[in-house]
Amino acid sequence: MPPSVSASKKNLIVVSNRLPLSIKRVDDSFEANLSGGGLVTSLSGLTKSTSFRWFGWPGIEVKDENEEEKVANSLSEHNAVPIFIDEQLAHDHYNGFSNSTLWPILHYQSGVEFEDDNWQAYKRVNEIFADIIAKEATEDNMIWIHDYHLMLLPQLLRERLEKQGRSFAIGFSLHTPFPAEDFWKSLPVRNELVEGILASDLIGFHTEEYKHNFTTCAQTLGAFTEIQGEIQYKDRKIMADKFIVGIDPQKFTDALEDPDVRTRIQELQERYKGVKVILGVDRLDYIKGLTQKLKGYDYFLDHHPEISKKVVLIQVAVPSREDVKEYQDLETDICTTVGKINGKHATADGTPLIYIHRSVSFTELTALYSLADACLLTSTRDGMNLVSFEYIACQAQRHGVLVLSEFAGAASFLKEGSISFHPANIPEMSDAIHEAVSMSSENRKRRYEGLREFIETNTSTKWGETFIEKLSERLQST
């Protein structure tokens, strides 16, 4: 990092669709509490070198100006600035365009319908964000924008700042896959979105594949991309790179020493003595391949009767987007399939599948991670899938086996230590499960050591530090 950057504390504006805080009414006022999201963890290690201000939607509709001021005052204690959006506009932006159109296309889902009203709402929300940030950005010199909800924001914000005669370094991080050009072309407004992102100084992706796909799409707009890691568009040079997002492994190491966690682990070990435990932890989302997972597990039980009574799959499916019809239909389908599997394979001694459709506490989650002999993740597409990292963090003693879909972003980095498979190839998934539950202790340990080294090297803090360092370098050249 150049001396001029490290000599003084840097100022950073972080922008996400939703603020990483929960707001609740307390008497005649409001109270804000910091959530434990991944972005919060990633940036927490940078407080010594960087001052933060957070901008985003507070998650509630406040129509009264007096109450808006109260919410803003509560959030200011956490260096956060609310961007208020009315309920219908927020719905059309988030559930409409972002999650019903953009999200599925980013994850290679076909048959997606485009509705102009939702697109207009998406543009309007991005404009509101740009107006407020341009007004409030005073002493800050770097802006880091996050994810697919705000793809137009870099361009809209740069236009406003330039009109004011101000120069900021703008970074953008995408936390989903970016699809291949042929699939991206199905979106009518694809060029506007790519051009919006290209107004950034630094663009971050989770894998080389996602970066390559975006770069290829930028070429269709006339961008020059011959230099590795650079995109020359119009009169600007944009840096594009891979930044490996991670977790905080120490958080799980510490949790495993907690008396409540240790007690829960002992209870579960007694409950499942003599049984191989396979764990799945996913949001209830079609990109997680849950229907494929259940089919693969059913096939495994059918074709390995000799061990079918000695295994159990504990599947945690955290509710997600419950007001979207596609997710409601998915929940119904999964519940039906779970019932059929248990109906076919259950005995008086128990069932081979335990389905938990709710969030579980961190204590319970950590205990389950520690207990499981294997973790089965079947994503059809996934930006990274940090559950794989969390499982590894809790397996220092057992050396559990990671069974990981080749379409999870994490597979780009964990392939050597995990068992890889195609989630649509049911027999292949069954073979992967069988290999995992029958693997020798020596092979488990050998595989695990490489996985552990990776997650301890590529932590969430390192991800944040690396991105901010590169954005700081861009600041010096603007």
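Predicted model: local features only at pLDDT ≥ 70, side-chain atom pairs only at ≥ 80, totals over all residues.
Residues are numbered from 1 along each chain as its sequence is written, and side-chain values use heavy atoms, with hydrogens and water left out.

Helices (H or I, at least four residues) and strands (E, at least two) are DSSP runs numbered from the N terminus. Strands of a sheet pair through backbone hydrogen bonds, either parallel or antiparallel. Here two strands are taken to pair if DSSP finds at least two bridges between them. An open sheet is formed by eight strands in the order E5-E4-E1-E6-E7-E8-E10-E9, with mixed pairing. Its edge strands, E5 (80-82) and E9 (230-233), each pair on one side only. Neighbouring strands of this sheet are turned by 20 degrees against each other on average, direction ignored. For such angles, axes are lines fitted to C-alpha atoms, for helices over the stretch in contact, and the values run from 0 to 180 degrees between N-to-C directions.

Within this sheet, strand E8 (residues 202-205) is joined to E10 (residues 236-242) by four bridges, and the two strands run parallel. Strand E7 (residues 169-173) also runs parallel to E8, with three bridges between them. Ile203 of E8 is the bridge partner of Phe172, and in E10 the bridge partner of Ile203 is Ala240. Ser173 stands opposite Gly204 in E8. Leu202 and Gly204 point one way from E8, Ile203 and Phe205 point the other way, and all are buried. Buried means under 20% relative accessible area, exposed over 50%, and partly exposed in between, with a 1.4 Å probe and protein chains only.

Helix H5 (residues 116-136) lies across strands E1 (10-18), E4 (50-57) and E6 (142-146), and runs at about 150 degrees to E4. Contact in this description means heavy atoms within 4.5 Å.

Asp147, in the loop between E6 and helix H6 (153-163), has a phi near 80 degrees, a positive value in a residue other than glycine. Asp147 counts as buried because its relative accessibility is 13%. Lys234 lies in the loop between E9 and E10 and has a positive phi of about 55 degrees although it is not a glycine. With 63% relative accessibility, Lys234 counts as exposed.

A further open sheet has six strands in the order E13-E12-E11-E14-E15-E16, with parallel pairing. The edge strands E13 (353-356) and E16 (419-421) each pair on one side only. Neighbouring strands of this sheet are turned by 20 degrees against each other on average, direction ignored. Strand E12 (residues 311-318) and E13 pair in the parallel sense over four bridges, and Ile354 in E13 is the bridge partner of Ile314. Helix H12 lies across E11 (276-283), E12, E13 and E14 (374-377), running at about 170 degrees to E12. Helix H14 (residues 362-371) packs on the sheet and touches E11 and E12, its direction making about 135 degrees with that of E11.

Two packed helices are described by the angle between their axes and the distance between the axes. The axes of H12 (residues 290-303) and H13 (residues 325-345) come within 10 Å and cross at roughly 10 degrees. H12 and H13 are therefore roughly parallel to each other; angles under 35 degrees count as roughly parallel, over 145 as roughly antiparallel, 65 to 115 as roughly perpendicular and the rest as oblique. In H12, Leu290, Thr291, Leu294, Asp298, Leu301 and Asp302 meet residues of H13 including Leu330, Asp333, Ile334 and Lys344. The residues of this contact divide into seven nonpolar, three polar and four charged. In this grouping, Ala, Val, Leu, Ile, Met, Phe, Trp, Tyr, Cys and Pro count as nonpolar, Asp, Glu, Lys and Arg as charged, and the others, Gly among them, as polar.

Thr459 is placed in the loop between helices H18 (441-457) and H19 (460-477) and, at 18% relative accessibility, counts as buried. Apart from neighbours within four places in sequence, Thr459 is in contact with Ile244, Gly246, Ile247 and Pro249.

The structure holds zero disulfides, a disulfide being a pair of cysteine sulfur atoms within 2.5 Å. The cysteine sulfur closest to that of Cys375 is in Cys394, 10 Å away and too far for a bond. Cys375 is buried at 0% relative accessibility, and Cys394 is buried with a relative accessible area of 4%.
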